[in-house]
Amino acid sequence: METVCEKGGIATALNAKIYGNGSETLVLAHGYGEDQSAWQLLLPLLACYFKVVVFDMVFSPNVDPKLYDPQRYINDGRYYGGFERSEVNEICKNIEQNFTGWVQNFAPKAAGQNNTATGAKFEKTLGRMKPYIALSAAKTVFSSDFRHKLPQVMVPCTIIQSKKDVIVPQSVAFYIKNNVGGDATVKILNTEGHFPHLSAHNLLFRVLKETIQIKN
């Protein structure tokens, strides 16, 4: 059964909700261009075992845009990742000059060419973002570099990665594994696209069951 988190404050502002009645709490945070509906396929499965908290990130189209402060999130550090600096600049240029066209082009690529339904869903939520918020958040997502923080991560980590992801290549997952301070494991899902929680949720759930030791 769905319940709403305590009234007022950040819980209300970010539309936080709780599903399930488990003794342990699991928090799910969606990514750029999504909202909490990204978890709609996994929620019924996870709520059988946990108290699951979902919410909308501040850049989500479901959150009051007045709460988004671009100055709080623009990172000027060096960028090393799945995109070259010139590609990041081109993305930002396209968002600024033709946001609708960029959404229509970017969404299917991110979802994977065989995941048309997932691409359509992502295109819908991505397209609902305010263009100025989409631009600011994109600069943060694509340009931030926190690799120097990885050695400080001492808790055990499981990094779950799609086999083919044009947004985040496998090399990123293994880089994280090799540079965190604690134990880490990489699990590669035999699927394509950046959104396995939508395109391959049953496969992802099987891996999650092993990772967080869910017992039937």
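Leu43 is buried, because its relative accessible area is 10% and buried means under 20% (exposed is over 50%, partly exposed in between, with a 1.4 Å probe and protein chains only). The model is predicted: local features need pLDDT of at least 70, side-chain atom pairs count only at pLDDT 80 or more, and totals for chains, interfaces and linings use all residues. Residues are numbered from 1 along each chain as its sequence is written, and side-chain values use heavy atoms, with hydrogens and water left out.

Leu43 has its place in helix H2; helices (H or I, at least four residues) and strands (E, at least two) are DSSP runs, numbered from the N terminus. Apart from neighbours within four places in sequence, Leu43 is in contact with Tyr19, Val52 and Val54, where contact means heavy atoms within 4.5 Å. The C-alpha atoms of Leu43 and Val54 lie 9.1 Å apart, and the two residues are eleven residues apart in sequence.

**Aromatic residues**

The whole structure contains eight aromatic pairs. Rings of Phe, Tyr and Trp (its six-membered ring) pair if their centres lie within 6.5 Å; planes under 30 degrees apart count as stacked, over 60 as edge-to-face and the rest as tilted. The pair of Tyr32 and Phe59 is tilted, because the ring centres are 6.2 Å apart and the planes stand at 50°. This pair links distant parts of the chain, 27 residues apart: Tyr32 belongs to the loop between strand E3 (25-28) and helix H2 (43-46), and Phe59 to the loop between strand E4 (51-54) and helix H3 (70-73). Ring pairs join Tyr32 and Phe59 with Phe99, Trp102, Phe106, Phe122, Phe142 and Phe195 in a cluster.

| Residue | Relative accessibility |
|---|---|
| Leu43 | 10% |
| Tyr32 | 12% |
| Phe59 | 12% |

**The chain as a whole**

The secondary structure comprises ten helices and six strands. For 216 residues, a compact globule would have a radius of gyration near 17 Å, and the 18 Å of the chain agrees with this; the radius is taken over C-alpha atoms, and the globule rule is 2.2 Å times the number of residues to the power 0.38. The C-alpha trace spans about 50 × 40 × 35 Å along its principal axes. Of the 216 residues, 41% count as buried. Among contacts between residues at least 6 apart in sequence, 73% join residues at least 24 apart.
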